[in-house]
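User: Can you walk me through this one? I'd like to go over the metal site and the salt bridges.

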Amino acid sequence: AGTGLHIAECQKKPEDYQKVYNAIATKLRDEDEYDNYIGYGPVLLRLAWHVSGTFEKKDNSGGSFGGTYRFKKEMEDPSNKGLQNGFKFLSSIQEQFPWISHGDLYTLAGVTAIQEMQGPKIPWRAGRVDQTEDLTPDNGRLPDAKGDATYVRNFYKRMNFEDREVVALLGAHSLGKTHYENSGFEGPWGAATNVFSNEYFNNLINEKWEFVKNEAGNMQYNSDKGFMMLPADMALVQDPKYLKIVKEFAKDQDAFFNEFGKAFTKLIENGIEFPKNIKTTVFKTLDEQE
Ligand code: ZEM
């Protein structure tokens, strides 16, 4: 069902959102033992991507605006397995700042995670408005890890992304790991699982990959250093147009950070119209405030 125009509304000031940022960032530091000391950064980033990645441009349904992840159907989407940990992490933040909408909270948490893991600055705008449960998108809108290059390219057309943006967004896979219990895949993509970098692109082209059946019966690429790639990751080296961009980002971290920042902002704002009175906020990291 079409859901019409999504126009952002916002009464708060940038300082109010910086307070939310700081509360999330402080909790990230305090609860650093999560997932064998990876911390909550990666799972919060994945949550922000999945609440946004349901967007369908044809009828402007899904996406981050309505905060519908909080409803059972979306939270229990098999594609969202494991993200409940991010949701639980945010429940105390939601209690502390009851005025923030769910869509604003999820996307702001993703921005906080990226910046606190030393990633690029992500300009952020407030004003998403909670929608009712009937507007929760159906399951099945998030991408399949088994997809090839044609699948990945086609998938991201639904959200208006082109090759360079897609390759940049997938660079987030240098963070965190896959877990059997969530996705049927296992292992990290690289060594630095909670520091934002272009390691993913270097590993894609430099590691020796072997395509093997894992213990859950799924095919994944493993390297002798203990890293992994999903079939959808390997699509980026199998397709010549993607490969060219992978090579560029492997050499040039600034180019990657720059493209990732733009693409991520687009991802979390897809389908939303922001009136002129809503200012863009660039948050200070905790380090910058010390
Ligand atoms: Zn992911 N992703 N992703 N991704 N992702 C996983 C984990 C993480 C795909 C995918 O199948 C999977 C983007 C795009 C795509 C992150 C960020 C972003 C996992 C493992 C899978 C299977 C889940 C598990 O087992 O816990 C596919 C097919 C994608 C596109 C084609 C984009 C875009 C992202 C952000 C911009 C992150 C940070 C993780 C790690 C989560 C964690 O808990 O460690």
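Predicted model: local features only at pLDDT ≥ 70, side-chain atom pairs only at ≥ 80, totals over all residues.

User: Which protein residue is a donor to the zinc atom of the ligand?

Analyst: His173 is the only protein donor there, with NE2 at 2.2 Å from the zinc.

User: And where does His173 sit?

Analyst: In the loop that runs between helix H8 (163-170) and strand S2 (177-178).

User: OK, switching topic. How many salt bridges are there?

Analyst: The count is 16. One of them pairs Asp287 with Arg29, at 3.0 Å from N to O.

User: Is Asp287 buried or exposed?

Analyst: Exposed, at 54% relative accessible area, while Arg29 is partly exposed at 39%.

User: Which residues share that network with Arg29?

Analyst: Asp287 and Glu290; salt bridges with shared partners join them and Arg29 into one network.

User: What about Glu56, what does its side chain meet in a salt bridge?

Analyst: Arg158, at 3.8 Å from N to O. Both ends are in loops, Glu56 between H3 and H4 and Arg158 between H7 and H8, so the bridge ties together parts 102 residues apart in sequence. Glu56 is buried at 13%, and Arg158 is buried too, at 18%.

User: And which residue does Lys266 bridge to?

Analyst: Glu165, with the closest N and O atoms 3.0 Å apart. Lys266 is in helix H13 and Glu165 in helix H8, 101 residues apart in sequence. Here Lys266 is partly exposed at 27%, whereas Glu165 is buried at 10%.

Definitions and conventions: Residues numbered from 1 in each chain as written. Heavy atoms only, no water. Donors = N, O, S within 2.8 Å, 3.2 Å for Na, K, Ca; no water. Helix = DSSP H or I, 4+ residues; strand = E, 2+ residues; numbered from the N terminus. Salt bridge = Lys/Arg side-chain N within 4 Å of Asp/Glu carboxyl O. Buried < 20%, exposed > 50% of the residue type's maximum accessible area, 1.4 Å probe, protein only.
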